[in-house]
Amino acid sequence: MGDLPPDLERLRTLETWLTLSLKRVREQIAAVERPAQPRRAPQPPAAAARPAGPRRTPTPDWGISAVGIGAPVAEIHRGDCFAGGRTLLPVSAERARAELADGIQACGVCRPDNVLNRP
């Protein structure tokens with residue numbers, strides 16, 4: 001062991017250098033091995049996958065707008081219709097068809113009666 005320094009300070013320095021060198025060698029080995037492995041699509045980190053802030057409720061496919069200020073009558077809307085306002089009550093397509101058949105008015109903007117095949 002005559003090729004190593006005799007004092008602790010230089011031995012620690014040599015240890016640090018060897019550790020860093022070993023890390024670089026292992027990183028290079030991993031980089032060389034990577035192309036041999038099958039490629040996968042990169043996955044976003046879990047935090048980036050969903051937006052920060054309050055969770056939104058999913059947009060319904062169909063809804064009934066409530067009667068109130070600016071809405072003298074209830075109407076059937078598509079779930080993404082801007083004219084439905086914030087008080088859109090989510091309903092199924094079957095209920096929307098039934099409500100249209102019972103005489104509730106269809107929205108003049110999104111025209112759900114055309115999509116729901118109103119008789």
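In what order do the four strands of the open sheet lie? The views below start there. This is a predicted model, in which local features need pLDDT of at least 70, side-chain atom pairs count only at pLDDT 80 or more, and totals for chains, interfaces and linings use all residues. Residues are numbered from 1 along each chain as its sequence is written, and side-chain values use heavy atoms, leaving out hydrogens and water.

**View 1. The open sheet has the strand order 3-1-2-4, with mixed pairing.** Strands are DSSP runs of E with at least two residues, helices are runs of H or I with at least four, and both are numbered from the N terminus. Two strands pair if DSSP finds at least two bridges between them. Strand 3 (88-91) and strand 4 (105-106) are the edge strands, each pairing on one side only.

**View 2. Strand 2 (residues 75-78) meets strand 4 in the parallel sense.** Two bridges join this pair. Here you can find isoleucine 76 opposite alanine 106 of strand 4.

**View 3. Nine residues form the largest nonpolar core.** Such a core is a set of buried Ala, Val, Leu, Ile, Met, Phe, Trp, Tyr and Cys residues joined through side-chain atoms within 4.5 Å; buried means under 20% relative accessible area (1.4 Å probe, protein chains only). Among its members are Ile76, Val91 and Ala106. Strand 1 (62-65) and helix 3 (93-101) each give two or more residues, and helix 3 supplies the largest share, three residues.

**View 4. Alanine 93 touches Trp62 and Leu116.** Touching means heavy atoms within 4.5 Å, and residues up to four places away in sequence are not counted.

Conventions
Buried < 20%, exposed > 50% of the residue type's maximum accessible area, 1.4 Å probe, protein only.
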